[in-house]
Amino acid sequence: MVPHPIFVMNAETSRYYIDNLYTQDNAKCYQALNFVKNSIMGSNRQKGMVIANGILPRLLQVLPDQTKTPDIRLETVVILGSLAKGSEEQVKSLVDANVVTYIFNAFLMDDEPKFTEACLRCICTILQFPFSDYSVVFSDAAIIRKLIKTIEESISNSICAMSILSYSCRTTAHQNTLWEEGIGFILANLLNTELDDLSIATLKCFARVCQDNPMISAALEETEYNGKTMPEMLDSMRGGDRPTSMRLAASKCITCLYRAGALEVNDSKVMFGALPTLVRLCQNDQKWEHRVEAAEILAVLIEDDAELQSLASISNHLLQTLAEFVNYPAHPLGEYGGTYGEHRSKEMKQAAFKVFASLGANDEEIRKRIIETDNLIDHIVLGLKDPSPKVQLAAVRCLHSLSRSVQQLRTTFQDHSVWKPLMTLLEGASDEILSVTSSTLCNLLLEFSPSKEPILESGAIELFCSLTKRDDHSLRLNGIWALMNMAFQAEQKIKSQILSTLGTDQIFNLLSDSHINILMKTLGLLRNLLSTKPHIDYIMNLCGGDIIQAVMMILEGDNLPEVKEQALCILANIADGDIAKDYIMRNNDILKKIQEYMTNCNAKLQAAAIFCVSNLVWKEDSGAADRQAKLKEMGIFKLLQQLITTSDSLLFDKVKTALTQFSDS
């Protein structure tokens, strides 16, 4: 349709119609709205002129105005719906003007069928954009109730309502709200339709409602309709005779049910249903959008299970298919040119990286096959430097998965110096990218990794010390984990730099962290710092009093046995030093605490405490006789004699070793 030349006329004519939008004469107002509607239909240029002429605020004034006729308010919503089908920038203008909120307010006030349908269509169009404000939908329970009510009114309303709910259902609270409003029965009912568009919209809503929600997923798994369970309905909808979009949506629903614990991994609908369907839909005879979506769902499906990963890796030449994904730009020149072709290439790459990351999560042989796939590491390194955060994140996750391989750390990772782009990526990265990147670097800092030394030389100590102070607990964990790996069998200067940069105050903070993993890694760092006699004495000379205080805090606190065992192991390391021993021997509170744990009901804690005693009284060390005499005086020698009758073999060996160190034993 050729747009009416309203905004290409002279200024006077154009002004006439704009002015009539503000008139109190409903007939003239309607005529002006109708004129605008016809003018912008099918023309983004004309839509841009409407927005540029400031008509949008007037439309939002007319929408709730009850003095205007129903036809005027309907025409207003239709215009907004038409604008919503314009360019991305034009839709952003609608979002910035809170158009969705205005339309929902009008939607709640008017039950006229055509008006309701126009409102739903407009909202549905806007909410499909990622920059839309989804929170509006769940800001008022009345909106949810009316959306659900409109599902019964027409097919168009059903599709729009399902789509709106799937776009906006983002949290557990949202899911629970929908469940309380009876969404389970509605989903079961609508899945039985013969209309493909409605089925697909319903499936997408289904996936949103049950994603990462064990309670709702379990309830949906048990729901039956017309003699069929929901998983059985889903399984039939992913069959080869169905549209690709439906097969993808049904496979995603099965994936969500499985990941939420409602289906077992060996359920045929998972292992021999969703998985092969998704692998098949990655093939090059499918549209690129469908291939990307299939790969992304597949990555989630197999992410945590070694059996699914193994099965996927040998299904339908998947690795070869994914190689096509990462090589997507290598098509005949001009076939996928321009910005859109570049967008497609990035989407294909990040989807492939996600699947590779999931495939390589557990099995060394699969990782080897992935690495050998068509110069993959080169593509991943390029992905780390890609301006798209989405591609960067997927590339880092892929590297993180592959970095679990000792062989790859020693060979491929070193040959390609992957640590360099990883360190660069940390500068100004989002918390999400920072978390995965720092986790990957933790693996590259293991003692057998050739990358450890160059990473240390590039300022990594300061970087990871700073991470331990972040609010995000995953970043704190990665920070202290990396420092622990750095300190393992490190030179004294490295240990000294870690300790001086981190500081004892921060060590105390980390030892008081509410996340046990952070506490354990901090104790692991102290153990690694306090290894080899010269290093132990040096570190204790720097801050021995603080370390003893920290250990005492752990032993006296309400901590798990494995935490206290680590603290006792630190004491055992200190007791192995030449001079450092004195920090324990001069502290009667610590000695009594060691003695107390020698009779603990936990055999591992007993063994760790007795190991401390062995190191303290080791007869080959200088001053052993005096230390033995003091411990005998405390009754520790007698206690060891009593413990020699233990039936625990590990504990028996520790007791025997300790007793043999006493000179007159």
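Biologist: In this predicted model, does Cys124 count as buried or exposed?

Modeller: The structure is a predicted model. A residue counts as buried when its relative accessible area is under 20%. Cys124 has 12% relative accessibility, so Cys124 counts as buried.

Biologist: Which cysteine has the sulfur closest to that of Cys169, and is Cys169 buried or exposed?

Modeller: The closest cysteine sulfur to that of Cys169 is in Cys205, at 6.9 Å, which is too far for a bond. The relative accessible area of Cys169 is 3%. Because the limit for burial is under 20%, Cys169 is buried.

Biologist: How many cavities of 30 Å³ or more are there, and what is the volume of the largest cavity?

Modeller: The search covers the whole structure and finds 2 cavities of 30 Å³ or more. The second largest cavity has a volume of about 40 Å³. The space in the largest cavity is about 70 Å³.

Biologist: Which helix supplies the largest share of the lining of the largest cavity?

Modeller: The residues lining the largest cavity include Leu94, Val99, Ile126 and Asp133. At least two lining residues come from each of α6 (88–96), α7 (99–109) and α8 (113–127). The largest share, 3 residues, comes from α7.

Biologist: Which helix gives the most to the lining of the second largest cavity?

Modeller: This cavity is lined by Thr504, Ile507, Phe508, Leu526, Cys543, Asp546, Ile547 and Ala550. By class, its lining has 6 nonpolar, 1 polar and 1 charged residues. Both α33 (504–511) and α35 (533–556) supply at least two residues. With 4 residues, the most comes from α35.

Biologist: With which side chain does the side chain of Asp621 make a polar contact?

Modeller: Asp621 is located in the loop between α39 (603–617) and α40 (624–634). Its relative accessible area is 15%, so Asp621 is buried. Leaving aside neighbours within four places in sequence, Asp621 is in contact with Lys533, Lys581, Asn615 and Arg627. The polar contact, at 2.9 Å, is with the side chain of Lys581.

Biologist: Is Leu281 buried or exposed?

Modeller: Leu281 lies in the loop between α17 (268–280) and α18 (288–302). Beyond its neighbours within four places in sequence, Leu281 is in contact with residues including Thr244, Arg247, Leu248 and His290. Since its relative accessibility is 0%, Leu281 counts as buried.

Biologist: What distance separates the C-alpha atoms of Leu281 and Ser358?

Modeller: Along the chain, Leu281 and Ser358 are 77 residues apart.

Terms used:
Residues numbered from 1 in each chain as written. Predicted model: local features only at pLDDT ≥ 70, side-chain atom pairs only at ≥ 80, totals over all residues. Heavy atoms only, no water. Buried < 20%, exposed > 50% of the residue type's maximum accessible area, 1.4 Å probe, protein only. Disulfide = S-S within 2.5 Å. 1 Å grid on protein atoms, 1.4 Å probe; cavity = no way out; pocket = protein on both sides within 12 Å on 5 of 7 lines; lining within 4 Å. Points joined across faces, edges and corners; volume = space filled by probe spheres on them. Nonpolar A, V, L, I, M, F, W, Y, C, P; charged D, E, K, R; others polar. Polar contact = N/O pair within 3.5 Å; in protein donor to acceptor, adjacent residues only side chain to side chain. Contact = heavy atoms within 4.5 Å.
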